[in-house]
Amino acid sequence: MTGEGGAATLARLMKPGLPQYIEPLRLAESGETISGSLQLRALQRLGRWLRERDGVVEFRLEFSKDDRGVVRVKGQFSTELTVACQRCLEPLVLRIAQPIEVDLAADTIAVDEHGAGDEPGETADGPVHLASFIEDEVLLGMPMAPRHDPARCPKPAGTEASSARVSPFAVLKDYHPEKS
Ligand SMILES: [Zn+2]
């Protein structure tokens, strides 16, 4: 347990009203920590991968600022996602818990640093959509082609439902001509 202030902040933010937008620079200047949970239903981009929409992402974000004015967001998230196994398409439960570490520059430098990103760079002083920020982290933490443990998957190897990334060697390894 941290001090009473931290506990009060936590209690406030665990209520139904997590802020929709956050201002990282302001949070960093007062050294705040935000924690709480977001309903999976609220995360539209993640939703297309999910077989079950019930559940939450729990997260904690600590805001600090370095000498150059860069705002550092450090923390973690954890969640349990039910996705489709890419081999058998049956539900597969993924438990993901990962650290978060994102730097936000106070001005447009952030855009340059994230150059290749598909979204406009988020800067520290502008409002950042909290749910989208967390959703980005969850999407980054998801495996490319989630599959059951081979021993538990109802379908044998070599019958991948998605051939997005099948190595030619994997195909050779699983090739059993006498089976069919
Ligand atoms: Zn499977």
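**Close-up views of a predicted model**

View 1. Helix α4 (residues 109-113) has the lowest confidence in the protein, with a mean of 44, while strand β4 (residues 71-84) has the highest, at 97. Another stretch to view with this in mind is residues 10-15, where pLDDT also stays under 50. For residues 10-15 the model has 6 contacts beyond four places in sequence. Across the protein, pLDDT averages 79, and 67% of the residues score at least 70.

**View 2. The order of helices and strands.** Here we step back for a moment to follow the chain. The protein contains 6 helices and 6 strands, arranged along the sequence as α-β-α-β-α-β-β-β-α-β-α-α. Of the contacts between residues at least 6 apart in sequence, 57% link residues at least 24 apart. Buried residues account for 19% of the 180 residues.

**View 3. Strand β2 beside strand β3.** Strands β2 (residues 33-39) and β3 (residues 56-65) run antiparallel and are joined by 7 bridges. Which residues of β2 lie on its covered face, and which on its uncovered one? Ile-34, Gly-36 and Leu-38 are on the covered face, whereas Thr-33, Ser-35, Ser-37 and Gln-39 are on the uncovered face.

**View 4. The hairpin of β3 and β4.** Strands β3 and β4 pair in the antiparallel sense through 9 bridges. Between them sit 5 residues, and in this turn Gly-69 has a positive phi of about 90°. Lys-65 can be found opposite Val-71 in β4.

**View 5. The surroundings of Arg-60.** Arg-60 belongs to strand β3. Is this residue buried or partly exposed? Arg-60 counts as partly exposed because it has 15 C-beta neighbours inside 10 Å, and a buried residue would need 20 or more. Beyond its neighbours within four places in sequence, Arg-60 is in contact with Thr-33, Ser-35, Gly-75 and Gln-76. Arg-60 and Gln-76 are separated by 16 residues in sequence, yet their C-alpha atoms are 5.5 Å apart.

**View 6. The largest nonpolar core.** This core has 20 residues, and those with the most contacts inside it are Val-57, Leu-61, Phe-63, Val-71, Val-73, Phe-77 and Ile-134. The elements giving two or more residues to the core are α2 (24-29), β2, β3, β4, β5 (91-104) and α5 (130-141). Strand β3 supplies the largest share, 4 residues. In soluble globular proteins, nonpolar side chains tend to be buried together.

**View 7. Ile-134 and its contacts.** Ile-134 is among the residues with the most contacts inside the largest nonpolar core. Which residues does Ile-134 contact, leaving aside its neighbours within four places in sequence? They are Leu-38, Val-57, Phe-59 and Phe-77.

Key:
Residues numbered from 1 in each chain as written. Predicted model: local features only at pLDDT ≥ 70, side-chain atom pairs only at ≥ 80, totals over all residues. Buried ≥ 20, exposed ≤ 12 C-beta atoms within 10 Å, placed from the backbone. Contact = placed C-beta atoms within 7 Å. pLDDT = per-residue confidence, 0-100. Pairing = 2+ DSSP bridges. Core = buried A, V, L, I, M, F, W, Y, C linked by C-beta atoms within 7 Å.
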